[in-house]
Amino acid sequence: MFWKRMFGAEKKQEQEEKAERGFFQKLVSGLEKTKQGFVDKVEQIMTGRKVDEELFEELEEALIQADCGVETSLFLVDQLRERAKAEKITEAEQLKAVLVEEVVQLLQKNAAALKTPEERPYVLMVVGVNGAGKTTTIAKLAYRFKQEGAKVLLAAGDTFRAGAIEQLEVWANRIGVELIKHQEGSDPAAVAYDAVNAAKARKTDVLILDTAGRLQTKVNLMSELAKVHRVVQRELGRDLDEILLVVDATTGQNALSQAKIFQEAVPLTGIALTKLDGTAKGGIVLALANELELAVKLVGVGEQYEDLQDFEANTFAAALFGRQEKMLDND
Ligand SMILES: Nc1nc2c(ncn2[C@@H]2O[C@H](COP(=O)(O)OP(=O)(O)OP(=O)(O)O)[C@@H](O)[C@H]2O)c(=O)[nH]1
Ligand SMILES: [Mg+2]
């Protein structure tokens with residue numbers, strides 16, 4: 001990353017490894033509810049019995065209940081049926097490892113990391129429905145970039161909700177990054193305009209734009225978002241680096257329709273899936289990864305700064321299925 005080169009904030013490898021272990025533990029504890037509500041159930045189903053049609057049906061039911069989505073659940077179970085047949089697997093336990101493999105493959109389908117910053121300013125815009133976790137996610141990202149040595153600027157683009165500007169300001173002060181704000185009720189496109197130009201003038205490394213939460217059904221609000229996007233693009237003279245849709249994992253299958261509708265207003269580059277720690281139905285990650293042409297790039301597993309993590313299929317599956325430690329070997 002250019003700011004790492006510029007600012008010499010490259011961490012020592014040892015420190016990085018230690019941080020990675022800490023992150024993994026955070027992910028594990030953040031996924032505890034899903035583990036109890038979903039993974040443990042799957043393991044129960046797949047213990048001490050023969051592979052038969054009844055097992056596949058029970059598994060399908062458990063996947064659907066965990067918000068994996070009907071399409072994705074049927075797909076996964078079909079894969080298992082085929083592989084059980086082809087590989088002559090007769091014991092349920094043996095099929096467990098196959099399930100984990102298939103889950104990893106599915107999670108890897110559209111997987112991508114946050115774009116590597118190439119040009120200053122690196123610009124991210126964060127969009128999503130009310131209360132999805134946009135502002136919190138921005139704070140966590142700002143903290144991370146600041147830790148890496150980047151000069152960060154936030155733009156208080158939610159001029160609509162009372163208290164939204166102050167909320168972002170509190171975060172900016174706490175983290176120690178700059179903020180561009182206008183009055184409540186002003187045009188968010190004007191905030192975006194000022195923010196991009198301030199970022200250029202101040203040689204900011206990272207600019208993150210907050211936006212107001214909106215119902216995906218409100219056409220005028222969605223076109224307002226499109227306008228903000230156009231202004232940023234025009235002032236920047238290029239595409240934004242990331243347009244992240246923030247989705248609350250506890251909203252279930254609705255997450256899929258949110259993604260489809262936001263995609264029509266702005267060219268999303270990825271998903272930040274928040275509040276995974278608050279749901280036993282983390283299977284929604286599988287549905288999002290499988291049913292959208294969009295990468296889940298970040299997952300939120302708590303309210304602390306460190307609780308926003310890069311989504312990586314192997315690590316995620318290892319945290320979820322716990323006992324399959326061997327999967328980490330592939331990293
Ligand atoms: N447990 C948990 N809570 C989260 C996570 N991400 C966000 N939250 C909480 O979700 C609530 C809403 O977060 P905000 O960041 O204000 O959401 P927003 O999308 O900006 O909301 P609006 O500005 O109203 O549209 C806050 O109480 C956050 O602390 C997460 O990963 N885990
Ligand atoms: Mg907000």
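Between which helix and which strand does the loop with Lys203 lie? I found Lys203 in the loop between α9 (188-201) and β4. Helices (H or I, at least four residues) and strands (E, at least two) are DSSP runs, numbered from the N terminus.

**Entry 1. Conventions**

I noted that this is a predicted model, in which local features need pLDDT of at least 70 and side-chain atom pairs count only at pLDDT 80 or more, while totals for chains, interfaces and linings use all residues. Residues are numbered from 1 along each chain as its sequence is written, and chains are lettered from A and ligands numbered from 1 in the order in which they are written.

**Entry 2. Backbone angles in loops**

I looked up phi of Lys203, which is near 55 degrees, a positive value in a residue other than glycine. Lys203 counts as exposed because it has 10 C-beta neighbours inside 10 Å. The rule I used calls a residue buried if 20 or more other C-beta atoms lie within 10 Å of its own, exposed if 12 or fewer, and partly exposed in between, with C-beta atoms placed from the backbone.

Lys275, in the loop between β6 and α12 (284-291), also has a positive phi, near 60 degrees. Is Lys275 buried or exposed? Lys275 has 23 C-beta neighbours inside 10 Å, so it counts as buried.

I then checked the peptide bond from Arg120 to Pro121, which is cis, with omega near -5 degrees. Pro121 lies in the loop between α6 (92-108) and β1. As a general rule, most residues other than glycine have a negative phi, and most peptide bonds are trans.

**Entry 3. The sheet**

I traced an open sheet of eight strands in the order β3-β2-β4-β1-β5-β6-β7-β8, with mixed pairing. Two strands pair if DSSP finds at least two bridges between them. β3 (178-180) and β8 (308-310) stand at the edges with a single partner strand each, so one side of each is left without a neighbour in the sheet. From one strand to the next, the twist averages 25 degrees.

**Entry 4. Strand β2 and its partners**

I followed β2 to β3 and found three bridges between these parallel strands. Leu154 stands opposite Leu179 in β3. β2 also pairs with strand β4 (residues 206-209) in the parallel sense, over four bridges, and Val206 in β4 is the bridge partner of Val152.

Which way do the residues of β2 point? Val152 and Leu154 point one way, Leu153 and Ala155 point the other way, and all are buried. Helix α8 (residues 164-175) lies across β2 (152-155) and β3, running at about 160 degrees to β3. Such angles run from 0 to 180 degrees between N-to-C directions, and axes are lines fitted to C-alpha atoms, for helices over the stretch in contact.

**Entry 5. Strand β5 and its partners**

I counted seven of the seven residues of β5 as buried. Glu242, Leu244, Val246 and Asp248 are on one side, and Ile243, Leu245 and Val247 are on the other. Four bridges join β5 to β1, and the two run parallel; Leu124 has Glu242 as its bridge partner in β5. Strand β5 (residues 242-248) is joined to strand β6 (residues 270-274) by five bridges, again in parallel, and Leu244 stands opposite Gly270 in β6. Helix α11 (residues 254-265) packs on the sheet, touching β1 (122-127), β5 and β6, and its direction makes about 155 degrees with that of β5.

**Entry 6. The nonpolar core**

I looked up the largest nonpolar core, which has 100 residues; among those with the most contacts inside it are Ala142, Leu154 and Leu273. Such a core is a set of buried Ala, Val, Leu, Ile, Met, Phe, Trp, Tyr and Cys residues joined through C-beta atoms within 7 Å. Leaving aside neighbours within four places in sequence, Leu154 is in contact (C-beta atoms, placed from the backbone, within 7 Å) with residues including Ile138, Ala142, Leu179 and Ile208.

**Entry 7. Ligand 1**

I listed 22 residues around ligand 1, the closest being Gly133, Thr135, Thr136, Gly213 and Gly300. A residue is near a molecule if its C-beta atom, placed from the backbone, lies within 6 Å of it. The largest share of this shell, three residues, comes from helix α7 (residues 134-147).

Definitions and conventions. Two residues are in contact if their C-beta atoms, placed from the backbone, lie within 7 Å.
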